[in-house]
Amino acid sequence: MAEKIIIDTDPGQDDALAILLALASPELDVLGIVAAAGNVPLSLTNVNIRKICELAGRPDIKVFAGCSQPMDGALVTAEHVHGATGLDGADLPEPTMPLQDQHGVDFIIETLRNEQAGTVTICTLGPLTNLGKALAKEPEIAGRIRQIVLMGGGCFEGGNITPAAEFNIYVDPQAAAVVFGSGVPIVMMPLDVTHKTLTTRARVEAIRRIGGHFSEVLVGWLDYFERFDVAKYGSEGGPLHDPNVIAYLLKPELYSGRLCNVEIETESELTKGMTVTDWWGVSGRPKNAMFMRDVDADGFYALLTERVAALAGRQAGARAEAT
Ligand code: BDR
Ligand code: CA
């Protein structure tokens, strides 16, 4: 049976590829997608999610708007990485599929209550505001979540938005602290992993070779998205962060890491949003997160490329049938 997942996301070109990977994969049953405020404000992320679903030929997916602001303080965004729309690099039509009326936080709570306990995985690709709010509002839902798989944090790689903090955790450290303190099994895809999944020329070319409109859109996004990190790190290609969350669900054997204690710094101006990771087990604090550190990057791109090629093929077939 397919694994039931809720995706919480702030697209974001890398979020877009993660959503497409999930929608391309029969092993996953996407119960709904919740928009987070992060890379760009909520007013854009909820539209971007629907554009991506329509690109995938899935206007039936239920999309919800979550919170527009972090739990505490002002929203920090990342247009300098993702562009003014959050999805710069390819033009997609305005979506016609609806945004659901229900608030994203209530959707998370209701779904966890309605589905059998221990069967729903939450995948977060952005700041943790919606999940943190849901857990703070109704703490008993923690016991019903199968696992949380999240892109966020870093240890040996340091931070990306500050020297100490990764963007998703930095935007809402209070929410992250609630999530990491919830007792739910957590699998973390930190910068230590995602900085190893680089959009090298050969990997982007493999996606380009899929051909057609679909691959033009993906390559447009990848080319746009990598420019910032290539300039910053001098690497061949940029880190494709968020699809690691979905790839882990499909092929966990691609990843290796260690169960650690991870605590979130919420106070210090200097290190706010830091994921303090006890890799060496020196604190004696309870181990609350599977901190992934390594990935088979070629295996990751092979999976991603194969799945989006299959989705592109289905879409091309559907278009041909319609004409
Ligand atoms: C994370 O921040 C965003 O810019 C990306 O979409 C990813 O989720 C990486 O730090
Ligand atoms: Ca993201």
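Student: How does the shell around ligand 1 split by class into nonpolar, polar and charged residues?
Tutor: The shell has 3 nonpolar, 5 polar and 4 charged residues. Keep in mind that this is a predicted model.

Student: Ok, which residues are those?
Tutor: Around ligand 1 you find Asp14, Asp15, Asn39, His82, Leu125, Met151, Asn160, Glu166, Phe167, Asn168, His241 and Asp242.

Student: What lies 2.7 Å from an oxygen atom of ligand 1?
Tutor: A polar side-chain atom of His82 does. A polar side-chain atom of Asp242 also lies 2.7 Å from an oxygen atom of the ligand.

Student: And which atom of Leu125 comes in?
Tutor: A polar backbone atom of Leu125, which is 3.0 Å from an oxygen atom of ligand 1.

Student: How much of the ligand does the protein cover?
Tutor: On its own, ligand 1 has 280 Å² of accessible area, and the protein covers 96% of that. The space that ligand 1 takes is the largest pocket.

Student: Which elements give two or more residues to that shell?
Tutor: Helix H1 (13–23) and helix H6 (167–171).

Student: New topic, the calcium ion. What are its protein donors?
Tutor: For the calcium ion, ligand 2, they are Asp10 (OD), Asp15 (OD), Asp15 (OD), Leu125 (O) and Asp242 (OD). They lie 2.2 to 2.6 Å from the ion.

Student: How are the donor residues spaced in sequence?
Tutor: The pattern is D-x4-D-x109-L-x116-D. Asp15 sits in helix H1, while Leu125 is in the loop between strand S4 (120–124) and helix H5 (129–137), so this pair ties together parts that are 110 residues apart in sequence.

Student: One last thing: is the peptide bond from Pro11 to Gly12 cis or trans?
Tutor: That bond is cis, with omega near -10°.

Student: Where does Gly12 lie?
Tutor: Gly12 is in the loop between strand S1 (3–9) and H1.

Notes: Residues are numbered from 1 along each chain as its sequence is written. Chains are lettered from A and ligands numbered from 1 in the order in which they are written. This is a predicted model: local features need pLDDT of at least 70, side-chain atom pairs count only at pLDDT 80 or more; totals for chains, interfaces and linings use all residues. Side-chain values use heavy atoms; hydrogens and water are left out. A residue is near a molecule or strand if one of its heavy atoms lies within 4 Å of it. A polar contact is a pair of N or O atoms within 3.5 Å; within protein, one must be able to donate a hydrogen and the other to accept it, and residues adjacent in sequence count only if both atoms are side-chain atoms. Accessible areas come from the Shrake-Rupley method with a 1.4 Å probe; for residues, only the protein chains shown count as cover. On a 1 Å grid over the protein atoms alone, a cavity is a set of points where a 1.4 Å probe fits but cannot get out, and a pocket is an open set with protein on both sides within 12 Å along at least five of seven lines; lining residues have an atom within 4 Å of a point. A molecule sits in a cavity or pocket if more than half of its atoms lie within 2 Å of its grid points. Helices (H or I, at least four residues) and strands (E, at least two) are DSSP runs, numbered from the N terminus. Ala, Val, Leu, Ile, Met, Phe, Trp, Tyr, Cys and Pro count as nonpolar, Asp, Glu, Lys and Arg as charged, and the others, Gly among them, as polar. Donors are N, O and S atoms within 2.8 Å of the metal (3.2 Å for Na, K and Ca); water is not among the atoms, so sites may look incomplete.
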